[in-house]
Amino acid sequence: MIGQIIREAWISIASYKMRTFLTTLGIMIGVAAVVMMVAAGQTVQNTITESFESMGGNLIIIVPGQSVSGGVRTARGRPSVTFSDVDSLKGMKDVVAASYIVSTTAQAVYGSNNWNVSVAGTTPDYLTVGNWEIDRGIPFTDRDLKSGNPYILLGQTVIDELFGLQDPIGKTIRLNNRPFTVIGTLQPKGDGLMGDDQDNIIMMPATTLRQRLRGSRRPNYADVAFVKVSEENKMETVANRIEYQLRARHRLKEGTDNDFTIRLMTEMVNQARNVGMILSILLASIASISLIVGSIGIMNMMLVSVTERTREIGIRKALGASNRWIMFQFLTESVLISFMGSFVGMILGVVFSQIGGFIFDKTVPISIWSVIISVSVAVIVGVASGLMPAIKAMKLDPIEALRYQ
Amino acid sequence: MNDTHSPVIEVKNLCKTYFMSGGMSQSVLKDISFSIEAGEFVAIMGHSGSGKSTLMNILGCLDKPTSGLYLLNGDLVSDKSELELASVRGHEIGFVFQNFNLLMKRTIADNVSLPLIYQNIGEKERYERALRMLEKVGLTGYENRFPSQISGGMQQRVAIARSLINNPSIIFADEPTGNLDTATSDEIMNLFTRLNQQGITIVLVTHEEDVADYAKRLIKISDGRKEYDGLRQSYQGRQEAK
Ligand SMILES: Nc1ncnc2c1ncn2[C@@H]1O[C@H](COP(=O)(O)OP(=O)(O)OP(=O)(O)O)[C@@H](O)[C@H]1O
Ligand SMILES: [Mg+2]
């Protein structure tokens, strides 16, 4: 019986091609929009996750300054974490590596090329902590750190901008007019969380940076410190130990606030993921307004159709169609219309989001969500918008309907 | 009457009153009783507004009487649910209408086989049976045309083929020749006569004496009451005698 109903419904909507197409259009656009928005949201989420992962897993981040219920009170706290604070964490249980960064920006010049670049003054451990790999050459060592040798590692963007196809190893470049020797290059990482270019970087020993680029009255204080933990489930414990140790080193009395803030990368990833998720839901909800409009379109069309086909309904009833049959036929018609609309809309949505991904140079996932969305839209919208017209058709009195001109 | 030979239609004290908005009501059928045996050919006549169509709609299970009994093939119709009535219409009754009532967007074959859909009969069998019915009404070769592509007389023959396809025990025709010219009317009435000779019970409503002449029995309705019920010839005789 279902087969017969679907066939009859199909023939009916197929005999009004233009009208069916126009009605379908609303759902098509709606589903395409939702699929695209969900894909966009997922891409944002994936980008967030990926860039966190590229920064290295199981990281604890320590920034100077007090924390106030989860947030940092000031943009950058007074310097409070010293190089030796961080070094003291190295021997701690479950800590793989600990490092710190003092950062600045500088004008890099090589030959006639010049380029603005971020400079990170750090320790050899930072490569481990931040998931950086040496591409060619060698890293700087603890001895270089101690002596403040002017040795630098170049990120891929800096190489491209200053050297083009030349080999940078062993060359001397000038940063803010002071000479530095390139001893190694870093493997590229791609874009960071904010779409910033992580490869536009020069690394050097922190002491070198302090001595040659960014002097300070307190040269031994770090901007930020990183601790890499051996296992994810040890993060909390290690964070507590770090807090204890730093408080002790800073001679903080009981009851006073920390003068530093400890954050777990895992927490930050989750927070960022939640933001991404909320963004996805928001985008999809906005897009689904067009689905509601499309659904009203179907209902409108079906109501017109029932009135137009009053006599057909009378004939069918006279020839043995039960009320139920009539209702299901009209319901099936609207479900078929919304099904076609959402199917085509799903394909359009996937195609357009891939094109968008191509344009913005991002991998856009083709997710099971687009299928789930379009199927449920087909059923929900089809039934919701077809129910009223179908009941109207069902209730028609066959005698009246046969008399209808 | 015994069980082995119950009439196709049996109507007892049938009344129909239309209740309209504003408390108005109109009594259209008043205390009508008759029975129709299998194989009969009955014409129902009467002035316009006398209640013929109302009676036909009740007999065809499209409407229910206000009071009185209606038995179709021995079954009490007034007890049946909407679903059962639909099934009775689909299995036991064939309809022929004045304005043919074909689905204009469907082929002749689709139109003829339409009642079989509601009996859940497959597409292939429907088509084959439609072809057989079309042969019966002399329309072989027209199965893939659309109603708009054939004449009124042919459309009515399609409608007759459609009314026959479920092997009904009775065919109701409400002014089947009302929209046709005399020659075409004769053609249609000859078809009914032939079907009747094959044993199909036919009840038709008509205004035209010529059309009623094809029937053996006449039921005359006047102002909602049965005025005459008997042989068509005898009624004619009575009229002429006056
Ligand atoms: N749905 C209805 N509501 C109220 N009154 C109705 C309804 N249907 C029919 N009537 C009335 O019942 C009476 C009989 O109508 P019916 O259609 O049965 O007459 P008829 O004999 O078939 O007439 P005609 O020869 O013109 O077709 C008419 O007076 C009509 O106004
Ligand atoms: Mg009438």
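Modeller: Start with A:Asp361: at 71% relative accessibility it counts as exposed, where exposed means over 50% relative accessible area, buried under 20% and partly exposed in between, with a 1.4 Å probe and protein chains only. Ground rules: this is a predicted model, local features need pLDDT of at least 70, side-chain atom pairs count only at pLDDT 80 or more, and totals for chains, interfaces and linings use all residues. Residues are numbered from 1 along each chain as its sequence is written, chains are lettered from A and ligands numbered from 1 in the order in which they are written, and side-chain values use heavy atoms, with hydrogens and water left out.

Biologist: Where does A:Asp361 lie?

Modeller: In the loop between helix 11 (323–359) and helix 12 (368–395) of chain A. Helices are DSSP runs of H or I with at least four residues, strands are E runs of at least two, and both are numbered from the N terminus. The phi of A:Asp361 is positive, near 60°, and the residue is not a glycine.

Biologist: And B:Glu175, buried or exposed?

Modeller: Buried, because its relative accessibility is 14%. B:Glu175 is a non-glycine with a positive phi of about 50°. Its loop runs between strand 7 (170–174) and helix 6 (182–197) of chain B.

Biologist: Switching to ligand 1. How many residues surround it?

Modeller: 16, the closest being B:Ser48, B:Gly49, B:Lys52, B:Ser53 and B:Thr54. A residue counts if one of its heavy atoms lies within 4 Å. The shell divides into three nonpolar, nine polar and four charged residues. Here Ala, Val, Leu, Ile, Met, Phe, Trp, Tyr, Cys and Pro are nonpolar, Asp, Glu, Lys and Arg charged, and the others, Gly among them, polar.

Biologist: Why is the site shared between chains?

Modeller: Because residues from chains A and B surround ligand 1. Helix 1 of chain B gives the most to the shell, three residues.

Biologist: Which backbone atoms lie by its oxygens?

Modeller: A backbone N or O atom of B:Gly49 is 2.9 Å from a ligand 1 oxygen. For a polar backbone atom of B:Gly51, the distance to a ligand 1 oxygen is 3.0 Å. The protein covers 71% of the 640 Å² of accessible area that ligand 1 has on its own, by the Shrake-Rupley method with a 1.4 Å probe.

Biologist: Last one. Which residues are buried in helix 1 of chain A?

Modeller: A:Gln4, A:Ile5, A:Glu8, A:Ala9, A:Ser12 and A:Ile13. Down the axis of helix 1 of chain A, the buried residues fall within an arc of 155°, so they line one face. That arc is taken over directions from the helix axis to the C-beta atoms.

Technical notes:
A polar contact is a pair of N or O atoms within 3.5 Å; within protein, one must be able to donate a hydrogen and the other to accept it, and residues adjacent in sequence count only if both atoms are side-chain atoms.
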